[in-house]
Amino acid sequence: AFFTRASSHLAPLRDSFQAVFQTSDEEERQTMLADMYVRIHSFTPADNIAAHPAIQMSAALQGMLRKLLQNPANATTSTLVTLAAGVDLLGDLCVSGLRSDLITNPPIRILVVDDDPAARRTVVGALQLAFQKPESAESGSGALQLAGERGFDVIFLDVQMPGTDGFTVCSKIRETARNRTTPVVFMTNQDDADSRTRMSRSGGKDFVVRPFLTSEITVKALTFALRGRLQKAEAVEMVRA
């Protein structure tokens with residue numbers, strides 16, 4: 001029943017994002033976001049949110065939309081892009097036959113790298129509400145050691161750190177065997193063209209701009225981790241075929 005209800009709303013949700021990005025009227029944008037919230041709320045079960053990846057994704061999107069509706073200033077380009085990517089993934093998760101243990105078998109592994117203890121705890125605290133507790137590092141060298149030892153589904157990486165900055169760390173992570181293709185999401189104070197270029201050149205996949213919503217961190221983590229696992233599953237099926 002969940003998949004049937006969700007499928008009927010996904011196309012209108014995707015179409016709505018086109019209008020949201022195009023409008024400059026704050027009141028109109030909030031009305032559109034409220035409609036998205038109502039649609040997602042209408043097909044998201046109130047319990048067992050971890051029972052299936054699609055249900056957990058829809059619950060996370062609903063939580064993020066609540067934050068945007070509570071404060072229109074939260075509806076930035078970054079948060080809207082995050083929402084759009086999450087809704088797009090939700091469509092790929094709402095299919096019959098998808099493994100219900102995609103998140104838990106094996107458990108999604110996340111690394112958080114930030115030299116600021118308070119900022120690091122905030123991100124780790126937000127993520128462990130949806131996943132097992134992430135691993136963390138307080139420096140670039142610590143991050144590289146962990147990246148060399150084990151593979152991660154997603155890495156959240158601070159840009160401005162003493163010693164080695166996040167861009168350099170990301171480039172070195174790309175040289176490790178275990179995390180050569182792991183999505184790296186930069187946490188930064190800057191959203192300028194130069195920063196975007198450096199992010200891309202170093203191998204980063206995305207970024208969140210401080211101050212960010214903890215709900216945005218959760219949605220990004222789910223989106224990148226589940227998208228990666230879906231792609232791996234598709235690659236396995238292609239080899240078997």
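Contact means heavy atoms within 4.5 Å, and helices (H or I, at least four residues) and strands (E, at least two) are DSSP runs numbered from the N terminus. This is a predicted model, in which local features need pLDDT of at least 70 and side-chain atom pairs count only at pLDDT 80 or more, while totals for chains, interfaces and linings use all residues. Residues are numbered from 1 along each chain as its sequence is written, and side-chain values use heavy atoms, with hydrogens and water left out.

**Exercise 1. Work out how H1 and H2 are oriented, and which residues join them.**

Step 1: The axes are lines fitted to C-alpha atoms, for helices over the stretch in contact, and angles run from 0 to 180 degrees between N-to-C directions.

Step 2: H1 is therefore roughly antiparallel to H2, a label for angles over 145 degrees.

Step 3: Look at the interface. Residues of H1 including Phe 2, His 9, Leu 13 and Phe 17 meet a set in H2 that includes Met 32, Met 36, Ile 40 and Phe 43.

**Exercise 2. Find the buried residues of H5 and what they pack against.**

Step 1: Helix H5 (residues 117–127) has Ala 119, Arg 120, Val 123, Val 124, Ala 126 and Leu 127 buried, meaning under 20% relative accessible area (1.4 Å probe, protein chains only).

Step 2: Seen down the H5 axis, these buried residues fall within an arc of 165°, so they line one face of the helix. The arc is taken over directions from the helix axis to the C-beta atoms.

Step 3: The partners of that buried set are strands E1 (110–113), E2 (135–137), E3 (154–158) and E4 (184–188), plus helix H9 (214–240).

**Exercise 3. Is Asp 153 buried or exposed, and which side chain joins it in a polar contact?**

Step 1: Find Asp 153 in the loop between helix H6 (140–149) and E3.

Step 2: Asp 153 counts as buried because its relative accessibility is 14%.

Step 3: The side chains of Asp 153 and Arg 229 are joined by a polar contact of 3.0 Å (a pair of N or O atoms within 3.5 Å; within protein, one must be able to donate a hydrogen and the other to accept it, and residues adjacent in sequence count only if both atoms are side-chain atoms).

Step 4: Leaving out residues up to four places away in sequence, Asp 153 also touches others, among them Pro 107, Arg 109 and Thr 182.

Terms used: Buried < 20%, exposed > 50% of the residue type's maximum accessible area, 1.4 Å probe, protein only. Parallel < 35°, antiparallel > 145°, perpendicular 65-115°, else oblique.
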